[in-house]
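Here is a brief report on one chain.

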Amino acid sequence: MGGSMMETKMDDHRNRSVVLRALLTKLGQNVVIRTRYTCMRPIIAENSLVCVAPISKPLRRGDILLIDQGYRFVTHRLLKIDKNGVYYTSGDNGLIFDTCDYQNAVLGVITSVKNGDGWYAVNNFKILQCL
């Protein structure tokens with residue numbers, strides 16, 4: 001008999017993670033994915049297409065990252081990097097932050113989003129200037 005539904009979902013996630021990591025880090029290609037959550041509203045709505053670019057320069061506060069949480073992918077904004085290299089991130093639509101290990105969790109940087117009829121660079125939005 002097959003495994004549980006949870007094991008199947010975890011296997012699916014691992015497979016997607018391997019493919020995304022290979023495309024972004026090994027081949028240096030941009031990847032277009034569809035979002036499933038509302039944590040980055042209003043900039044990135046649920047079911048939006050986003051372009052994820054490989055990390056090509058040091059990450060900085062305000063960047064929107066694609067993060068592998070081990071069981072799902074999220075797009076969160078980088079709020080802070082502490083002296084130990086721990087990244088603090090949060091969705092623009094959330095009030096709490098997450099921490100992550102950059103080397104293992106961050107897959108790439110969101111560069112643009114397709115909203116309506118066109119693609120828009122996410123760094124053109126001036127939301128959260130207080131960061």
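In this predicted model, Ile64 sits opposite Arg77 of strand 4. Strand 3 (residues 64-68) and strand 4 (residues 73-81) run antiparallel and are joined by five bridges. Arg77 also has a bridge partner in strand 5, namely Ser90. Strand 4 and strand 5 pair over four bridges, again in the antiparallel sense.

| Hairpin | Residues between the strands | Turn residue | Phi of the turn residue |
|---|---|---|---|
| Strand 3 and strand 4 | four residues | Gly70 | positive, about 90 degrees |
| Strand 4 and strand 5 | four residues | Gly85 | positive, about 85 degrees |

Now to Ser90. Strand 5 covers residues 86-90, and Ser90 belongs to it. Is Ser90 buried or exposed? Ser90 counts as buried because its relative accessibility is 7%, and the cut-off for buried is under 20%. Which residues does Ser90 touch, beyond its neighbours within four places in sequence? The contacts are Met40, His76, Arg77, Leu79, Ile96 and Phe97.

The whole chain comes last. It holds two helices and eight strands. From the N terminus, the order of elements is α-β-β-β-β-β-β-α-β-β. The chain has 131 residues, and 36% of them count as buried. Among contacts with a separation of 6 or more, 51% come from residues 24 or more positions apart.

Terms used:
Residues are numbered from 1 along each chain as its sequence is written. This is a predicted model: local features need pLDDT of at least 70, side-chain atom pairs count only at pLDDT 80 or more; totals for chains, interfaces and linings use all residues. Side-chain values use heavy atoms; hydrogens and water are left out. Buried means under 20% relative accessible area, exposed over 50%, partly exposed in between (1.4 Å probe, protein chains only). Contact means heavy atoms within 4.5 Å. Two strands pair if DSSP finds at least two bridges between them.
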